[in-house]
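Thank you all for making time this morning.

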Amino acid sequence: DLFRPAGAKRAPVWVFVHGGYWQASDKAQHVQFAAGMLAAGFAVAMPNYGLAPEAPLEVSIAQTVTALRLIAAEADALGLDGSRIHLAGHSAGAHLAAMAAIDPAAPPVRSCLLLSGLFDLVPLGLLPIGRNLGLGDAERATRLGPLSRPAPAGLPSVTAIGGRETDEFLRQSRILADHWGSPAPLVVPDAHHFSLLEGLNGGTLLDL
């Protein structure tokens, strides 16, 4: 889905990838979080991706890259600036955004905002939800995470989590920020895993 700010020509594009543990949710459930970026003059693109277990993670990653390529290729026809693509994702969507940002087949992105992301997939293989994703295979779990790949050069990126989230979510954001050479994760006080997204429509996250 694409939302464009009124009256803007060649608007920069903010791409938001939804979460749901790669197995649930839909772009239509997140349209309310487009308002802040639209008001700031950005077009907002919200792609879907195939959900597990029908679509393995490799497919979801590839589809996210394809969405970026489509936006860049059709930018002129859509009245967008394909040279100013900014990428964001939440939870599993933050993982997909991170993987797309470092994929050589993807067009360059100007910035990356990763909210409550999952970047070290190996521990998930110890849980039923991870085993359903095929992450019980540690080699595959490592390969499908951004920590196994070179950090993107010169990409401004921010990780953020809610202050009411678990220590593991904080650890996940810290190790990605360390690997990418990004600032320490922004911790939003009193926010939990889902209410964190409300900051996209006004507050700390929108100010980023």
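Let me start with a question: is Thr64 buried or exposed? Before I answer, please keep in mind that what you see is a predicted model, and that the values I quote are computed from it. Thr64 is buried, with a relative accessible area of 4%, where the cut-off for calling a residue buried is under 20%. Thr64 lies in helix α2, and if we leave aside its neighbours within four places in sequence, Thr64 is in contact with Val17, Leu96 and Ala100.

Now let me step back to the chain. The protein chain has eight helices and seven strands. Its radius of gyration is 16 Å, close to the 17 Å that the globule rule gives for 208 residues, so the chain is as compact as a globular protein of that length. Along the principal axes, the C-alpha atoms fill a box of roughly 50 × 35 × 30 Å. Buried residues account for 51% of the 208 residues, and, among contacts with a separation of 6 or more, 76% are between residues 24 or more positions apart.

Next, the sheet. Seven strands form an open sheet with mixed pairing, and their order is β1-β3-β2-β4-β5-β6-β7. At the edges we find β1, residues 2-3, and β7, residues 186-188, each of which pairs on one side only. Inside the sheet, strand β2, residues 11-17, pairs with strand β3, residues 43-45, in the parallel sense over three bridges, and Val13 has Ala43 as its bridge partner in β3.

Two helices deserve a look against this sheet. Helix α4, residues 92-101, packs on the sheet and touches β2, β4 and β5, with its direction making about 140 degrees with that of β4. Helix α7, residues 167-180, lies across β5, β6 and β7, and runs at about 170 degrees to β6.

That brings me to the nonpolar interior. As general background, nonpolar side chains in soluble globular proteins tend to be buried together. In this model the largest nonpolar core has 43 residues, and those with the most contacts inside it are Val15, Trp22, Leu68, Leu87, Leu114, Leu121 and Trp180. The elements that give two or more residues to this core are β2, β3, α2, β4, α4, β5 and α7, and α4 gives the most, with eight residues.

What does Leu68 touch, not counting residues up to four places away in sequence? Leu68 touches Val15, Ile85, Leu87, Ala100, Ala106, Pro107 and Val109.

Let me turn to charged pairs. The count comes to nine salt bridges, and I will describe three of them.

The side chains of Asp81 and Arg10 meet in a salt bridge, at 3.4 Å from N to O. Asp81 lies in strand β4 and Arg10 in the loop between β1 and β2, so this pair ties together parts that are 71 residues apart in sequence. Asp81 counts as buried, at 9% relative accessibility, whereas Arg10, at 42%, counts as partly exposed.

In the second pair, Glu58 forms a salt bridge with Arg140, and their closest N and O atoms are 2.8 Å apart. Because Glu58 lies in helix α2 and Arg140 in helix α6, residues 138-143, the pair ties together parts that are 82 residues apart in sequence. Here Glu58 counts as partly exposed at 30% relative accessibility, while Arg140 counts as buried at 13%.

Arg171 lies in helix α7 and Asp120 in the loop between β5 and α5, so parts that are 51 residues apart in sequence are tied together. Arg171 is partly exposed at 30% relative accessibility, and Asp120 is buried at 17%. Salt bridges that share partners also join Arg10, Asp76, Asp81 and Arg84 into one network.

Gly7, which lies in the loop between β1 and β2, counts as exposed at 78% relative accessibility. Gly7 and Arg69 are 62 residues apart in sequence, and their C-alpha atoms are 25 Å apart in space.

How values were computed. Residues numbered from 1 in each chain as written. Predicted model: local features only at pLDDT ≥ 70, side-chain atom pairs only at ≥ 80, totals over all residues. Heavy atoms only, no water. Pairing = 2+ DSSP bridges. Helix = DSSP H or I, 4+ residues; strand = E, 2+ residues; numbered from the N terminus. Contact = heavy atoms within 4.5 Å. Axes fitted to C-alpha atoms, helices over the stretch in contact; angles between N-to-C directions. Core = buried A, V, L, I, M, F, W, Y, C linked by side-chain atoms within 4.5 Å. Buried < 20%, exposed > 50% of the residue type's maximum accessible area, 1.4 Å probe, protein only. Salt bridge = Lys/Arg side-chain N within 4 Å of Asp/Glu carboxyl O. Rg over C-alpha atoms; globule rule 2.2 N^0.38 Å.
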